[in-house]
Amino acid sequence: MCILTARASVISGQEVPEFGEVSLDDFSETPFDSTSASVILFDKATYIAGFQPAVERHIRVKINNKSALKTWGEFRLGSFFEATTKVKAATYVIEGGEIVSHFVEKEAIIKDVKSRSERLVALNNVREGCIVELMFRSAIRYPGVPSWFIQHEEPVLWSEYLLMSSFRSTYVIYGGVEPFIFDPKYKGRYYRWVFRNVPGFI
């Protein structure tokens with residue numbers, strides 16, 4: 001398992017696309033399709049320091065077969081330590097050569113009656129060959145900068161962690177994966193790590 005801990009080629013260019021910006025190229029075959037039920041096209045986290053620190057997460061996944069439907073068909077977000085808001089979710093499929101988008105309505109994102117911090121999200125039309133996308137913001141209720149998990153059970157084509165803090169930080173990368181991009185002064189002041197083509201672990 002690869003982990004980035006900090007203390008204080010489906011992607012065009014060097015930036016993750018905005019939520020909902022999906023093209024036919026995103027459905028193209030990846031080097032991991034033949035061996036994995038799903039492939040994480042990108043997984044990005046942005047840590048925002050301040051009086052109320054928060055993490056913004058944006059993930060997009062291509063589903064190759066039915067065994068991955070349960071994993072990516074619904075999500076439980078948040079915990080006692082992380083209050084989740086601004087949830088967006090969508091499923092994208094190809095029909096008649098065109099991309100059809102199925103966005104999750106705000107009313108369908110359910111607040112767990114047992115926890116004010118948790119949200120339950122069920123996606124629509126999740127099936128083989130589709131792409132699912134999720135974006136949310138979590139307010140952090142504990143000290144320190146959250147660790148970033150570079151490696152998952154599924155292979156990851158693009159894993160990105162952005163540390164938006166004006167404080168100088170030290171960091172440790174566990175697992176032996178070298179960053180494709182490391183920029184300690186991204187946009188003049190922030191830390192940025194990018195890892196490419198990270199295989200899944202068993």
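Q: What is the volume of the largest cavity, and what makes a space a cavity?
A: The largest cavity holds about 30 Å³ of space in this predicted model, where local features need pLDDT of at least 70 and side-chain atom pairs count only at pLDDT 80 or more, while totals for chains, interfaces and linings use all residues. Residues are numbered from 1 along each chain as its sequence is written, and side-chain values use heavy atoms, with hydrogens and water left out. On a 1 Å grid over the protein atoms alone, a cavity is a set of points where a 1.4 Å probe fits but cannot get out; a pocket is an open set with protein on both sides within 12 Å along at least five of seven lines. A volume is the space filled by probe spheres set on the points, which are joined across faces, edges and corners.

Q: Which residues line the largest cavity, and how do they divide by class?
A: Lining residues have an atom within 4 Å of a point, and here they are Ile59, Arg60, Val61, Trp72, Phe75, Val132, Glu133 and Leu134. Six are nonpolar, none polar and two charged. Ala, Val, Leu, Ile, Met, Phe, Trp, Tyr, Cys and Pro count as nonpolar, Asp, Glu, Lys and Arg as charged, and the others, Gly among them, as polar.

Q: Which strands each supply at least two residues of that cavity's lining?
A: They are strand 3 (54–63) and strand 9 (131–140); strands (E, at least two residues) are DSSP runs, numbered from the N terminus.

Q: Is threonine 91 called buried or exposed, and why?
A: Threonine 91 is called buried because its relative accessibility is 0%; buried means under 20% relative accessible area, exposed over 50%, and partly exposed in between (1.4 Å probe, protein chains only). This residue is found in strand 5 (residues 82–95).

Q: Which backbone oxygen does the side chain of threonine 91 reach?
A: That of asparagine 124, at 2.7 Å.

Q: Which residues is threonine 91 in contact with, leaving aside its neighbours within four places in sequence?
A: Contact means heavy atoms within 4.5 Å. Among the residues that threonine 91 contacts are Val100, Leu123, Asn124, Cys130 and Val132, and Val132 also lines the largest cavity.

Methods: Helix = DSSP H or I, 4+ residues; strand = E, 2+ residues; numbered from the N terminus. Polar contact = N/O pair within 3.5 Å; in protein donor to acceptor, adjacent residues only side chain to side chain.
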